[in-house]
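Let's take a walk through this one together. Have the sequence and the 3D view open as you read.

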Amino acid sequence: MTPTTTTAPPHATVDVEIPVKWSGGRKNHVIVDVALRALLFVTGLVAIIVMVTSKQSKMIRISPVMAIPLDANWNQSPAYIYYVAAHCVACLYSIITGASSVLALKKIGESSEKLQPYFVILDSLLLGIISSAVGAGAAVAYIGIKGNSHSRWNEICDMFGSFCHHVGVSIFMSLISTVTLLLLVWLSFYALTKKIMK
């Protein structure tokens, strides 16, 4: 009996190495990055404009024969001042990093890859700043809507409806900014992990 060989012939085995690549490529990554940074600028700018135009004056009756003028303005609250300052920083940051991404789009390669670690760090830092500003602004807005009976803080939104509406729209826009920054952090982190896996 002849022994049977179980080895495959040389032409049957092929050593194939499939490179792992992001399906969109570096160019699509930079385009998405620029688009998100433009969205961050727009939402931050709208949040600032709506907040700083939220002043409302009203005559408040304190007795049957007497009324006094009262103002509701964003710069009367330290939380709103911090909120506006944080969004100004976010707008400036989005302009600088957006311009850097556009320059990287023109020259795809090492320059765009070198920016990713810095973008992850700075985007994460700005995400923390904007999130804290949104939390501070939303907390003051909630007191304006509901008041606080334990501290004897009365709600003001029943008297200053336009002011509260402006603040609400501004906070909504800043929530979009927060989600945009979170997406930017994820995008930069994803690009870094793909670079490490190569």
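Is Met66 buried, exposed or partly exposed? Keep in mind that this is a predicted model, and start with where the residue sits: Met66 lies in strand β2. Its relative accessible area is 43%, and a residue has to be under 20% to count as buried and over 50% to count as exposed. Met66 therefore falls in between and is partly exposed.

Together with Ile62, Val65, Ile68 and Leu70, it makes a nonpolar surface patch of about 460 Å². Strand β2, which covers residues 66-72, supplies the largest share of that patch, with three residues.

With a relative accessibility of 2%, Ser101 counts as buried. So what does Ser101 touch, once you leave aside its neighbours within four places in sequence? Its contacts are Val30, Asp33, Val34, Arg37 and Phe119.

Among the chain's elements, α2 comes out with the highest mean pLDDT, 90, while strand β1 (residues 56-63) has the lowest, 74. Residues 14-24 are another matter: pLDDT stays under 50 there, and the model gives that stretch five contacts beyond four places in sequence.

Note on methods: Residues numbered from 1 in each chain as written. Predicted model: local features only at pLDDT ≥ 70, side-chain atom pairs only at ≥ 80, totals over all residues. Heavy atoms only, no water. Patch = residues over 30% accessible without salt bridge, like charges linked within 9 Å, V, L, I, M, F, W, Y side chains within 5 Å. Areas by Shrake-Rupley, 256 points an atom, 1.4 Å probe, with all protein chains shown as cover. Salt bridge = Lys/Arg side-chain N within 4 Å of Asp/Glu carboxyl O. Helix = DSSP H or I, 4+ residues; strand = E, 2+ residues; numbered from the N terminus. Buried < 20%, exposed > 50% of the residue type's maximum accessible area, 1.4 Å probe, protein only. Contact = heavy atoms within 4.5 Å. pLDDT = per-residue confidence, 0-100.
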